[in-house]
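Let us take a friendly walk through this structure together. Have the sequence and the 3D view open as you read.

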Amino acid sequence: MSVTLLEPACTAQEMMKVAAARMLTNDDVCLVGIGAPSVACNLARLTHAPRIRLIYESGTIDTRPDVLPLSIGDGELCDTSLVTVSLPEIFRYWLQAGRVSVGFLGGAQIDRFANLNTSVIGAYERPSVRLPGAGGAPEIATGCGRSFIIMEMNRRRFVEQLPFVTTLGFGRGGDHRQELGITTEGPVAVVTDLCILRPDPVSRELTVALLHPGVRMATVQEACGWPLRFSGDLEETALPTERELATLRALEERTRRAHEEDEG
């Protein structure tokens with residue numbers, strides 16, 4: 001689904017990335033996922049949160065890439081980091097010790113309680129699609145103080161029931177996360193190309209809190225595989241500023257050119 005937003009002219013994808021970047025602050029220590037999470041985190045660093053500390057799963061700390069990495073093993077991350085440590089140190093010293101305030105994740109599928117699937121589509125034994133798998137996402141989702149999720153919204157991704165739960169959100173909802181002994185806050189926002197959803201404080205079911213400009217409630221519901229709840233004080237996401245759009249486009253253009261040169 002493609003939605004063109006109002007002036008200043010931007011695409012739904014750009015709206016999603018800008019809205020996600022705004023979630024971050026200068027005080028955050030953020031464990032970053034590859035893809036859209038990496039775009040959002042670096043956009044925040046290049047605009048309103050220059051002192052944010054970005055950590056990638058491969059062991060790079062306080063990374064400041066000029067172009068977006070293709071994977072956690074991309075040399076750009078090590079070249080532009082303050083220090084590179086071992087993978088066990090990232091998880092044991094930083095994540096499990098509570099030194100990471102934010103995890104920024106994506107996923108292939110999500111359900112109403114913000115659980116993620118990145119393992120299989122279809123039956124586990126004979127899936128129709130086998131996905132990349134968990135990586136460090138399950139640990140990031142439970143070990144970080146809180147987490148954000150960014151992903152496009154459509155019925156293939158926002159599903160009534162996940163075929164496989166790779167990464168825990170709120171489990172069955174309510175207090176299930178706490179019943180499992182997990183003390184971190186969990187996902188506090190899901191940012192999409194149509195809207196921003198937040199968990200209900202009691203049921204933990206995802207609720208539409210903000211609509212992006214030009215997007216209707218019916219459009220959001222059509223893109224979701226379960227009956228959505230909408231906030232009683234539903235708001236509209238602020239449009240990207242000229243600076244946000246210019247910085248995002250410059251970052252993605254630098255990245256495109258760099259990777260084309262590498263391929264050449």
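Leaving out its neighbours within four places in sequence, P163 is in contact (heavy atoms within 4.5 Å) with Q109, N117, V120, I121 and G122. You will find P163 in the loop between β10 (146–150) and α6 (176–179); helices (H or I, at least four residues) and strands (E, at least two) are DSSP runs, numbered from the N terminus. P163 has 38% relative accessibility and counts as partly exposed, where buried means under 20% relative accessible area, exposed over 50%, and partly exposed in between (1.4 Å probe, protein chains only).

A word on what you are looking at: this is a predicted model, in which local features need pLDDT of at least 70 and side-chain atom pairs count only at pLDDT 80 or more, while totals for chains, interfaces and linings use all residues. Residues are numbered from 1 along each chain as its sequence is written, and side-chain values use heavy atoms, with hydrogens and water left out.

Now to the interior. A nonpolar core is a set of buried Ala, Val, Leu, Ile, Met, Phe, Trp, Tyr and Cys residues joined through side-chain atoms within 4.5 Å. The largest one has 37 residues, and I110, M153, F158, L197, V220 and L228 have the most contacts inside it. Two or more residues each come from β1 (29–32), α4 (87–95), α5 (137–143), β12 (195–199) and β13 (206–211), with α4 giving the most, four residues. Apart from this core lies another, of 35 residues, including V18, L68, I150 and L245.

Helix α2 (residues 36–46) is mostly covered, with nine of its eleven residues buried. Among them are P37, V39, C41 and R45. C41 has 0% relative accessibility, so this cysteine counts as buried.

How many disulfides are there? With a disulfide taken as a pair of cysteine sulfur atoms within 2.5 Å, the count is zero. The cysteine sulfur closest to that of C41 is in C30, and at 3.7 Å it is too far for a bond. For C78 the closest is the sulfur of C41, 19 Å away, again too far.

One last stop is the cavity, a set of points on a 1 Å grid over the protein atoms alone where a 1.4 Å probe fits but cannot get out. The largest cavity holds about 40 Å³ of space, a volume being the space filled by probe spheres set on the points, which are joined across faces, edges and corners. Residues lining it (an atom within 4 Å of a point) include L105, A114, S147 and P187.

Terms used:
1 Å grid on protein atoms, 1.4 Å probe; cavity = no way out; pocket = protein on both sides within 12 Å on 5 of 7 lines; lining within 4 Å.
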